[in-house]
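Here is a quick tour for someone meeting this structure for the first time. Take a look at it, then read on.

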Amino acid sequence: MEKKTEQKKNGLIGKSAVILLLAAAVLAYFFIPSVHDLYNEIARMFSSGDFTVVREFVESYGAYAAAVSFALMILQSVAAPLPAFLLTFANANLFGWWQGAVLSWSSAMAGAAVCFFIARILGRDVVEKLTSKAGLKQIDVFFEKHGRLSILIARLLPFISFDIVSYAAGLTSMSFWSFFVATGIGQLPATIIYSYVGGMLTGGAQMLVTALLILFALSALIVLLRQLYTERQKKRKDS
């Protein structure tokens with residue numbers, strides 16, 4: 001009984017802390033002009049679709065550039081669905097492909113963990129406000145179809161929102177470490193590919209970026225179709 005009371009108390013403290021942090025961020029946006037302007041600049045930067053704009057923004061912080069990039073990746077995770085791949089390209093172009101890959105992978109993992117715990121602590125109503133009700137429903141269906149492999153498969157498919165999957169996973173009963181390991185493995189191929197190409201890109205390489213994304217999406221789709229075919233064949237054998 002005492003243990004349950006303590007767990008309930010800890011859960012209430014955690015929930016209150018997260019709510020206060022989110023409320024502080026919202027209040028800062030509306031009442032602190034510098035924060036308001038900075039966030040709007042970041043939003044415009046990501047919506048531009050040009051990784052060079054992101055690179056220049058990160059580079060402008062000099063010795064703190066890596067820390068700023070890390071924070072931006074977490075921010076874009078919470079404020080789904082900003083395009084994270086632009087930051088991955090920028091990191092590789094600025095720091096070198098493998099150093100950029102390490103930075104992008106580790107910061108994306110941190111962002112995924114933050115989304116997971118926000119969902120687990122605050123619940124579905126809050127997550128729907130941070131993302132979208134329709135998007136969560138689509139991921140729910142995806143989870144039902146693919147079971148324990150859902151996270152791994154979702155991370156291999158670039159057209160499925162990385163951040164909404166993280167939020168949705170926090171609403172399930174899966175353990176954090178199962179989610180974390182599957183996320184780490186699943187996002188590694190995309191991070192390496194994007195980083196390697198990002199290290200070679202120039203400002204006029206948007207067509208190459210588009211072609212790469214299409215190629216990777218098709219490759220991931222083949223993986224998914226193969227998984228679906230395997231599952232269907234297994235069901236036929238069982239029946």
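## A helix pair, a pocket and one alanine

Helices α4 and α5 run roughly antiparallel to each other (angles over 145 degrees count as that). This is a predicted model, where local features need pLDDT of at least 70, side-chain atom pairs count only at pLDDT 80 or more, and totals for chains, interfaces and linings use all residues. Residues are numbered from 1 along each chain as its sequence is written, and side-chain values use heavy atoms, with hydrogens and water left out.

The axes of α4 (residues 65-78) and α5 (residues 84-95) come within 10 Å and cross at roughly 170°. Among the residues that meet there are L72 and M73 in α4 and L87 and F95 in α5, with contact meaning heavy atoms within 4.5 Å. Now for the largest pocket, which holds about 900 Å³ of space. Of its 26 lining residues, L22, A25, Y39, L75 and V78 are the closest to its centre (lining means having an atom within 4 Å of a pocket grid point). Helix α1 gives the largest share of that lining, seven residues.

Here is how the two sets of residues split by class:

Lastly, A182 sits in helix α11 (residues 176-198). A182 is buried, with a relative accessible area of 16% (buried means under 20%). A182 touches I151, L152 and R155, leaving aside residues up to four places away in sequence. A182 and I151 are 31 residues apart in sequence, yet 6.0 Å apart in space, C-alpha to C-alpha.

Terms used:
Helix = DSSP H or I, 4+ residues; strand = E, 2+ residues; numbered from the N terminus. Buried < 20%, exposed > 50% of the residue type's maximum accessible area, 1.4 Å probe, protein only. Axes fitted to C-alpha atoms, helices over the stretch in contact; angles between N-to-C directions. Parallel < 35°, antiparallel > 145°, perpendicular 65-115°, else oblique. 1 Å grid on protein atoms, 1.4 Å probe; cavity = no way out; pocket = protein on both sides within 12 Å on 5 of 7 lines; lining within 4 Å. Points joined across faces, edges and corners; volume = space filled by probe spheres on them.
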